[in-house]
Amino acid sequence: MASLESDSELICASLGEPDCFALVFDRHFSSVFKFVAASVRRDHVGDISSEVFVRAFEQRNRFNLAYQSARPWLLGIASNLIADHYRKLAREDRAYRRASARAAGSRDFENGASERVDAEMLLPLLQKALHALRPEDVSIVVLFAVDQMSYREIAFALGIPQGTVRSRLSRARVRLRNFIEASGELRLDETNE
Amino acid sequence: MNSGRDPFDVLREQIQTPEPTPEDVATARGRLQQAIAAERRSARPWRDWRVLAGVTAAVALVVAVPLATTSRAQAALTEIAQASREAAPLEVPLGSFVATTSERSDLAIRPGEDFELDQEFVAYLLPTTRQVWRQPEEQFVMIRTTVGTPSFFDPLHEQAYYSAELDKADRIGKTVVDQFTDVADPILEVEWPRDPDQLLSAMNEFIGGTADSETTPSDLFTLAANLLRETNPPPELRGSILEVLAGLPLDLDQDGDTSIKVSVLDDGRRLTMELSVHGDLLSESTTLLEADPTLGIPVGTLISESTYQMARVVDELPIHSEEAS
């Protein structure tokens with residue numbers, strides 16, 4: 001087992017000997033964790049990151065062994081889970097709004113809502129900016145800007161054409177710029193030096 | 001437009017990406033170990049070939065005939081799903097169009113009075129050649145349709161059709177061009193999951209409105225065909241669509257070297273889909289399994305048939321100014 005070099009060899013070996021997959025975890029957990037942490041609130045990061053590896057293990061027979069590194073594949077799974085997470089938040093938000101309409105004046109409800117708002121306010125500006133993007137664009141932006149992956153790697157990780165990666169990044173760049181400038185907390189024509 | 005710093009550079013510098021704590025690593029590793037242990041537990045009995053042989057024989061005795069063709073369809077679709085995942089995605093650069101061409105023949109039904117005939121309805125088959133250019137980012141679609149010569153189930157209907165000049169109403173022999181922008185296609189609005197189980201759940205939800213609604217295999221078959229036809233799915237999604245199909249009680253009608261045909265029954269009709277070995281939708285058809293005396297359609301009639309050419313990417317639209325409607 002120790003002589004296995006690439007992720008694809010490890011994943012192939014894990015089909016017969018599942019424990020081999022633990023080495024894939026050792027190699028990539030930190031990277032996946034940081035990717036997830038860039039996209040969602042801290043209290044959800046652990047759950048989503050660990051779920052990535054459970055899903056990857058269960059779906060490892062679908063890994064394209066032509067690729068040496070499992071990182072883009074793992075980040076693709078993470079990306080899907082993050083999008084699911086955002087959809088869940090959106091559903092909860094809609095449920096809160098419906099409940100708000102039904103239970104106007106309910107003290108418990110108001111407290112819950114204000115906690116949610118407070119939590120959002122505590123987010124750093126740029127994470128709030130990420131939240132302003134479309135759910136499907138968040139992962140692309142983080143993969144490109146934070147993980148510095150190429151268009152090709154992002155396209156592979158997310159299973160979308162490179163042209164789509166380019167156009168979504170272009171759309172996200174405009175949204176990010178508008179959000180950051182509208183916030184007034186940061187000017188994009190300043191430098192850090 | 002501000003000519004200052006790229007917001008992505010700002011993001012890279014300022015976003016917080018904490019390292020996992022030892023507790024984070026231990027928790028995640030524990031969950032993975034549980035999954036590994038669960039697989040070991042579930043796999044162990046099957047490693048004993050005697051148990052496997054015994055169970056297989058018992059299952060075969062009970063359900064040999066009904067499952068025979070279904071399992072062949074499942075095997076063929078699973079194999080194609082795997083191949084489709086390894087296929088290169090169709091890349092659509094910004095500003096380009098996905099162009100598709102299909103030959104179709106669909107059932108057309110008109111009131112009998114249109115034909116000046118004393119019957120409630122008259123049915124006939126209307127062939128069309130349909131070319132579609134779709135620009136996904138701009139939600140732009142251009143459709144060029146050329147209508148061919150219809151065929152009839154009764155010579156009297158054919159005679160009445162031309163006497164009543166219905167060929168002009170149907171624009172027989174003409175080409176019509178339509179352009180649409182901001183097309184809101186509900187199928188394209190959904191971010192379809194790449195995981196087969198999640199995809200099945202999303203498809204059920206899309207058809208039935210809720211995750212718990214009852215959907216029929218033919219409902220799922222039809223939606224799968226729509227997804228393959230309309231969404232230019234990336235390899236992973238295409239593979240999952242095929243896996244969903246593999247889970248349905250389908251018949252394998254043809255198992256060739258370059259394509260397969262699978263079908264499902266739907267309320268007196270048989271819906272058939274032909275797929276390439278890479279999971280591309282090559283053709284679809286609907287066959288009537290019972291005669292329709294009201295419309296005069298005999299049993300076994302192919303009431304709808306479409307064949308598709310492979311999608312391609314083009315940089316520009318063709319010029320059709322004289323044809324555009």
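## What lines the pocket

Sorted by class, the lining of the second largest pocket has 19 nonpolar, 10 polar and 14 charged residues. Here Ala, Val, Leu, Ile, Met, Phe, Trp, Tyr, Cys and Pro count as nonpolar, Asp, Glu, Lys and Arg as charged, and the others, Gly among them, as polar. That makes a lining of 43 residues, and nearest the pocket's centre you'll find F156(A), A157(A), L158(A), G159(A) and E236(B). A pocket is an open set of points on a 1 Å grid over the protein atoms alone, where a 1.4 Å probe fits, with protein on both sides within 12 Å along at least five of seven lines; lining residues have an atom within 4 Å of a point.

The volume of this second largest pocket is about 840 Å³, meaning the space filled by probe spheres set on the points, which are joined across faces, edges and corners. The top contributor is α4(A), with 9 residues. Helices are DSSP runs (H or I, at least four residues), numbered from the N terminus.

## How to read the model

This is a predicted model, where local features need pLDDT of at least 70 and side-chain atom pairs count only at pLDDT 80 or more, while totals for chains, interfaces and linings use all residues. Residues are numbered from 1 along each chain as its sequence is written, chains are lettered from A and ligands numbered from 1 in the order in which they are written, and side-chain values use heavy atoms, leaving out hydrogens and water.

## Salt bridges

How many salt bridges are there over all chains? A search of the whole structure turns up 18, each being a side-chain nitrogen of Lys or Arg within 4 Å of a carboxyl oxygen of Asp or Glu. One of them joins E19(B) and K34(A) at 3.0 Å, N to O. That pair crosses between chains, from the loop between α1 (7-14) and α2 (22-47) of chain B to helix α2 (residues 21-39) of chain A. E19(B) is partly exposed at 49% relative accessible area (buried is under 20%, exposed over 50%, partly exposed in between, with a 1.4 Å probe and protein chains only). K34(A) is partly exposed too, at 27%.

D43(A) and R41(A) also meet at 3.0 Å, N to O. D43(A) is exposed at 53%, whereas R41(A) is partly exposed at 26%.

Methods: Helices (H or I, at least four residues) and strands (E, at least two) are DSSP runs, numbered from the N terminus.
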